[in-house]
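Dear colleague,

I am handing over the structure below, and I would be glad if you could look through it with the notes that follow beside you.

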Amino acid sequence: MVEEVIPVLRVANAAAAVTWYQRLGFTQEWEHRFEPGMPAFVSIAGGRSRVFLSEHQGDARPDTLIHLVVGEIDAVVAEFGRPAGEPPYGCEIALRDPDGNRLRIRTPAS
C-alpha cells in the first residue's frame, strides 16, 4: 500500500526555489542533474513532508496547488506576511512561490 506521496513542482531555478522553501522550514536533501548544466531535479523535506522541485519541462505544470499543514501558522505569517485579501484571523493562508505554484498553508483545527 501507499506509504508516501511526493508532489513535483515545476520551477525555473531550483536553487532560488530551495532558498524560498527554506523559509517554510524545508531543507534540501539532494540534487540530481544528468550532466553539468542540465536541468536540476531537487528533493526538499521538512518534518514528515517531501517535495520534488524540477527544472525539467513536462515534469509538472506551472500553477500547481499543494496544501501544507504546519504546527503554527503564525510563524509562516511572520515570515511571509499575511497575503492581501486574507482575513486577519483563521488558520489558513494562501501563498505563491516565485514560480507561481500555489500553497494553501494551514494549522490543524484544535
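Helix α1 lies across β1, β2, β3 and β4, and runs at about 5° to β3; contact here means heavy atoms within 4.5 Å, while axes are lines fitted to C-alpha atoms, for helices over the stretch in contact, with angles from 0 to 180 degrees between N-to-C directions. Helices (H or I, at least four residues) and strands (E, at least two) are DSSP runs, numbered from the N terminus. Please bear in mind that this is a predicted model, in which local features need pLDDT of at least 70 and side-chain atom pairs count only at pLDDT 80 or more, whereas totals for chains, interfaces and linings use all residues. Residues are numbered from 1 along each chain as its sequence is written, and side-chain values use heavy atoms, with hydrogens and water left out.

The four strands form an open sheet in the order β1-β4-β3-β2, with mixed pairing, where two strands pair if DSSP finds at least two bridges between them. Its edge strands are β1 (8-10) and β2 (27-32), each of which pairs on one side only, and neighbouring strands are turned by 25° against each other on average, direction ignored. Strands β3 and β4 (residues 49-54) run antiparallel and are joined by six bridges; isoleucine 44 has valine 51 as its bridge partner in β4.

Serine 43 lies in β3 (residues 41-46) and is buried, with a relative accessible area of 0% (buried means under 20% relative accessible area, exposed over 50%, partly exposed in between, with a 1.4 Å probe and protein chains only). Its side chain makes a polar contact with the side chain of glutamate 29 (2.4 Å), that is, a pair of N or O atoms within 3.5 Å of which, within protein, one must be able to donate a hydrogen and the other to accept it, residues adjacent in sequence counting only if both atoms are side-chain atoms.

Phenylalanine 26, in the loop between α1 and β2, is also buried, at 7% relative accessible area. Not counting residues up to four places away in sequence, phenylalanine 26 touches several residues, including Tyr21, Ile44, Val51 and Leu68.

In helix α2 (residues 73-80), Ile73, Val76, Val77 and Phe80 are buried. Seen down the axis of α2, these buried residues fall within an arc of 100°, so they line one face of the helix; the arc is that of the directions from the helix axis to the C-beta atoms. Their cover includes α1 (14-22), β6 (92-96) and β7 (102-106).
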